[in-house]
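Visitor: I have a complex open on my screen and would like to talk it through with you. Could you take my questions as they come?

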Amino acid sequence: MFKDESGRLVNVPSVETLKKAMRESDCRASDAFDKVQSSTKSLIDQIGETVRGKLAEAKLSPSEDDARKYILTEFAKVGKPPSEEAIASAMNLLSVEAAHRLVEKLHKADILTKEDDEIISAYPFSAKATRHKVIFKDSHKVYALCATDALGIHFMLSEDITVRSRCPECENEMKIELRDGKVASCVPEGVVEFVSSREQCGCTAKTFCPYMNFFCSEAHLKQWRDKNPAYGKGEMYWLHHVLEHGKNIFGDFLK
Amino acid sequence: MKIDCYISQGCSSEEALKDNIARALEAEKIHAEVGIHRISSEKAVKLKLSGSPSIFIDGRELQPQGIAGFS
């Protein structure tokens, strides 16, 4: 027998009793996760290791790794990935089919993602519009998969960039200029990054990246977390931390 | 989340229990793997279950009754 919310004995637990127990269990799991995070590595460090780990696990041959770098370099130049024909030609492959197999290998290794047989992202770039626009000196722009990736592009390409990103709470734009490995300016001041720990499984680009965003301020982040409890668990980072993480993840991504 | 429900062979609470769990999960927007286990009294004793149904959410018993008797 179970007691319901009014103290009556019932044969099966009421919906309210179950809801309360589920909420408590969910909180215990989240708290345990947060404790693990604080006592060991930060969430962003773990994500960084996952991205880099997938690259190591893929065990790409030198020519396959050259193709990966080619895809990233083209992404950086024009904001979208090269076609399989272009990959085959640039890498002197015997056929477009060989380029297709190579792209499939990178896809399976979660080094890039595909949709309808088209490459739609390759860390740190996205072919689809995201909240994070990266503008180069010559004014051409690309989209980054997430806030950390946007800053990481500066280190990956060793180029000065301007990141324009929209705050999920107010939709206002933030502007971060990066020069010589440092934040040259940031408007507004007090920009923070929040990484939600809600999604844990699957492709990083689809699970974590949409919830790794810049916010105008801690206050806007708090408001957003209050309105989005399902995604409110996670970690906040100051801009200099994000810069460091971007460097650690992408600094030698093309080397 | 994992929810395990242990029910005695003769217990008629299964449908009501499944229905309440489904409604609670939907209301809380929580995804859970729900296991309904029909077990014998002997196995219930082995598992030290105190009643039917006995419900465990992520390994923690819901309202442990502390009374022997699984029927």
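Visitor: To start with a detail, which residue stands opposite Glu193(A) in β13(A)?

Guide: Glu193(A) stands opposite Tyr237(A). Before going further, please keep in mind that this is a predicted model, in which local features need pLDDT of at least 70 and side-chain atom pairs count only at pLDDT 80 or more, while totals for chains, interfaces and linings use all residues. Residues are numbered from 1 along each chain as its sequence is written, and chains are lettered from A and ligands numbered from 1 in the order in which they are written.

Visitor: OK, and what does β11(A) pair with?

Guide: Strands here are DSSP runs of E with at least two residues, helices are runs of H or I with at least four, both numbered from the N terminus, and two strands pair if DSSP finds at least two bridges between them. β11(A) pairs in the antiparallel sense with β12 (residues 212–215) of chain A over 4 bridges, and Phe194(A) stands opposite Asn213(A) there. β11(A) also pairs with β13 (residues 234–238) of chain A, again antiparallel, over 5 bridges.

Visitor: Why is β11(A) largely enclosed?

Guide: 5 of the 5 residues of β11 (residues 192–196) of chain A are buried, so the strand is largely enclosed by the rest of the structure. Buried means that 20 or more other C-beta atoms, placed from the backbone, lie within 10 Å of the residue's own; with 12 or fewer a residue is exposed, and in between partly exposed. Val192(A), Phe194(A) and Ser196(A) point one way, whereas Glu193(A) and Val195(A) point the other way.

Visitor: Which residues have the most contacts inside the largest nonpolar core?

Guide: They are Ala122(A), Phe125(A), Ala144(A), Ile153(A) and Phe215(A), in a core of 55 residues. Such a core is a set of buried Ala, Val, Leu, Ile, Met, Phe, Trp, Tyr and Cys residues joined through C-beta atoms within 7 Å. Its largest share, 7 residues, comes from helix α6 (residues 147–157) of chain A.

Visitor: And what does Phe215(A) touch?

Guide: Leaving out residues up to four places away in sequence, Phe215(A) touches several residues, including Cys167(A), Phe194(A) and Trp224(A). Contact here means that the two C-beta atoms, placed from the backbone, lie within 7 Å.

Visitor: Switching to chain B, what order do the strands of its open sheet take?

Guide: The 4 strands run in the order β2-β1-β3-β4 with mixed pairing, and the edge strands are β2 (33–39) and β4 (60–61) of chain B, each pairing on one side only. β1 (residues 2–8) of chain B runs parallel to β2(B), joined by 7 bridges, with Asp4(B) opposite Gly35(B).

Visitor: How many residues of chain B are in contact with chain A?

Guide: 21 residues of chain B are in contact with 17 residues of chain A. On the chain B side, the largest share, 8 residues, comes from α1(B).

Visitor: How confident is the predictor, and where in chain B is confidence lowest?

Guide: The predictor gives the complex an ipTM of 0.88 and a pTM of 0.64. By pLDDT, the predictor's confidence in each residue from 0 to 100, chain B has a mean of 83, and 89% of its residues reach 70 or more. Confidence in chain B is lowest in helix α2 (residues 41–46), at a mean of 82, and highest in α1(B), at 92.
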